[in-house]
Amino acid sequence: MQSALDRLPFRWNLWASARLLPLVAKRGSLGKLLELATPDDSQTADYSGMSHQEILGAVKAVTRRPWRMRGRRCLREGLLGYRFLAMAGYRPILHFGVIPSTMATDRPRAHCWISLDGEVVLNPATEPMLELFSYEGSVPAKMPGMPDFG
């Protein structure tokens, strides 16, 4: 377990990332957001002493009172959670889905969540979901016929 002083770089990086993400999300495609959420090789294992619960708890705390992306909280938490779990050396999977009963409406409702080792660890779905694709750090694994998100 790291001391509070050891976690300061993590907290600062998470705070700054949470504040900048809405600005990027406003103008960026999902492909660009996924690219930014994926740490490069020099950034992995920076937070290797942290548990996934500690990381996800900090993500939830920093996104608790959003001033942007209010309607897309699960996306914001998912992208941040994915990035910081990957930086700690975990292999998270970011899942994207839609609520099937809303697909024929003017405003389909989507959701994203994170799993580790086959277990949902952030934003479990409260309604049945049709998973569209999952992201593990490279090209999204998508179903045939799905659009390109780049």
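The legends below accompany close-up views of a predicted model.

Figure 1. The protein contains four helices and five strands, and their order along the sequence follows the pattern α-α-α-α-β-β-β-β-β. Of its 150 residues, 39% count as buried. Among contacts between residues at least 6 apart in sequence, 65% join residues that are at least 24 apart.

**Figure 2. The largest nonpolar core of the protein, which has 32 residues.** Within this core, the residues with the most contacts are Phe10, Leu14, Leu79, Phe84 and Leu94. Two or more residues each come from helix H1 (8–27), helix H2 (30–37), helix H3 (52–62) and helix H4 (73–87), and likewise from strand S1 (93–98), strand S2 (110–116) and strand S4 (130–135). Helix H4 gives the most to this core, with eight residues.

**Figure 3. Surroundings of Leu79, one of the core residues with the most contacts.** When residues up to four places away in sequence are not counted, Leu79 touches Leu21, Leu33, Leu34, Ala37 and Leu94. Leu94, which is itself among the residues with the most contacts inside the core, also has a bridge partner in strand S4, namely Tyr135.

**Figure 4. Strand S1 and its pairing with strands S2 and S4.** Strand S1 is mostly covered, in that five of its six residues are buried. Six bridges join S1 to S2, and these two strands run antiparallel; in this pairing, His95 stands opposite Trp113 of S2. Strands S1 and S4 also run antiparallel and are joined by five bridges, with Leu94 having Tyr135 as its bridge partner in S4. In a regular strand, the side chains alternate between the two faces of the sheet.

**Figure 5. Packing of helix H3 with helix H4.** Two packed helices are described by the angle between their axes and by the distance between the axes. The axes of H3 and H4 come within 10 Å and cross at roughly 145 degrees, and the crossing is right-handed. On the side of H3, the residues that take part in the contact are His52, Ile55, Leu56, Val59 and Lys60, and they meet Glu77, Leu80, Gly81, Phe84 and Leu85 of H4. The residues of this contact divide into six nonpolar, two polar and two charged. Phe84, which belongs to the H4 side of the contact, is also one of the residues with the most contacts inside the largest nonpolar core.

Definitions and conventions:
Residues are numbered from 1 along each chain as its sequence is written. This is a predicted model: local features need pLDDT of at least 70, side-chain atom pairs count only at pLDDT 80 or more; totals for chains, interfaces and linings use all residues. Side-chain values use heavy atoms; hydrogens and water are left out. A nonpolar core is a set of buried Ala, Val, Leu, Ile, Met, Phe, Trp, Tyr and Cys residues joined through side-chain atoms within 4.5 Å. Buried means under 20% relative accessible area, exposed over 50%, partly exposed in between (1.4 Å probe, protein chains only). Contact means heavy atoms within 4.5 Å. Two strands pair if DSSP finds at least two bridges between them. Axes are lines fitted to C-alpha atoms, for helices over the stretch in contact, and angles run from 0 to 180 degrees between N-to-C directions. A crossing is left-handed if the near helix is turned anticlockwise from the far one by less than a right angle, and right-handed if clockwise. Ala, Val, Leu, Ile, Met, Phe, Trp, Tyr, Cys and Pro count as nonpolar, Asp, Glu, Lys and Arg as charged, and the others, Gly among them, as polar.
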